[in-house]
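Take a look at the model below. Then read on for a short tour of its parts.

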Amino acid sequence: MDKKILGNFIIYFPIVAYVAFTIVMKKENSGIDWTAVVIGGLIGMISHSIGTRIKNKGEVE
């Protein structure tokens, strides 16, 4: 698999999967779940940094 495609997959898949999971498991008429927002942000930051490193592996920064 191409590094660029793998990097993009690693960047976007974890956060999309987590958001889909929280939407499915959310109770009706419940407010904003701030814990899910914080966890989603952490997952997004971590997956973005890992995916960017994979995409740029071997390139001079």
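Is isoleucine 43 buried, partly exposed or exposed? Isoleucine 43 is partly exposed, because its relative accessible area is 25%. The cut-offs are these: buried means under 20% relative accessible area, exposed means over 50%, and partly exposed lies in between (1.4 Å probe, protein chains only).

## About the model

This is a predicted model, where local features need pLDDT of at least 70, side-chain atom pairs count only at pLDDT 80 or more, and totals for chains, interfaces and linings use all residues. Residues are numbered from 1 along each chain as its sequence is written, and side-chain values use heavy atoms, with hydrogens and water left out.

## Helix 1

Helices are DSSP runs (H or I, at least four residues), numbered from the N terminus. Helix 1 covers residues 3-25. Its 23 residues should span 33 Å at 1.5 Å a residue, and its end C-alpha atoms are 33 Å apart, so the two values agree. The expected span is 1.5 Å times one less than the number of residues.

Helix 1 has a kink of about 30° at tyrosine 12, shortly before proline 14. Such a bend is the angle between axes fitted to the seven residues ending at a residue and the seven starting there. Gly7, Ile11 and Tyr18 are buried in helix 1. The buried residues of helix 1 pack against helix 2.

## Helix 2

Isoleucine 43 sits in helix 2. Leaving aside neighbours within four places in sequence, isoleucine 43 is in contact (heavy atoms within 4.5 Å) with Pro14, Ile15 and Tyr18. The C-alpha atoms of isoleucine 43 and valine 16 are separated by 10.0 Å, though 27 residues apart along the chain.

Alanine 36 is also found in helix 2. Alanine 36 counts as buried because its relative accessibility is 17%. Not counting residues up to four places away in sequence, alanine 36 touches Tyr18 and Thr22.

## The largest pocket

A pocket is an open set of points on a 1 Å grid over the protein atoms alone, where a 1.4 Å probe fits, with protein on both sides within 12 Å along at least five of seven lines; lining residues have an atom within 4 Å of a point. The largest pocket has a volume of about 270 Å³. Volume here is the space filled by probe spheres set on the points, which are joined across faces, edges and corners.

Among its lining residues are Tyr18, Thr22, Met25 and Ala36. Helix 1 gives the most to this lining, with four residues.

## Before helix 1

Aspartate 2 lies in the segment before helix 1. Aspartate 2 counts as partly exposed because its relative accessibility is 47%.

Notes
Helices (H or I, at least four residues) and strands (E, at least two) are DSSP runs, numbered from the N terminus.
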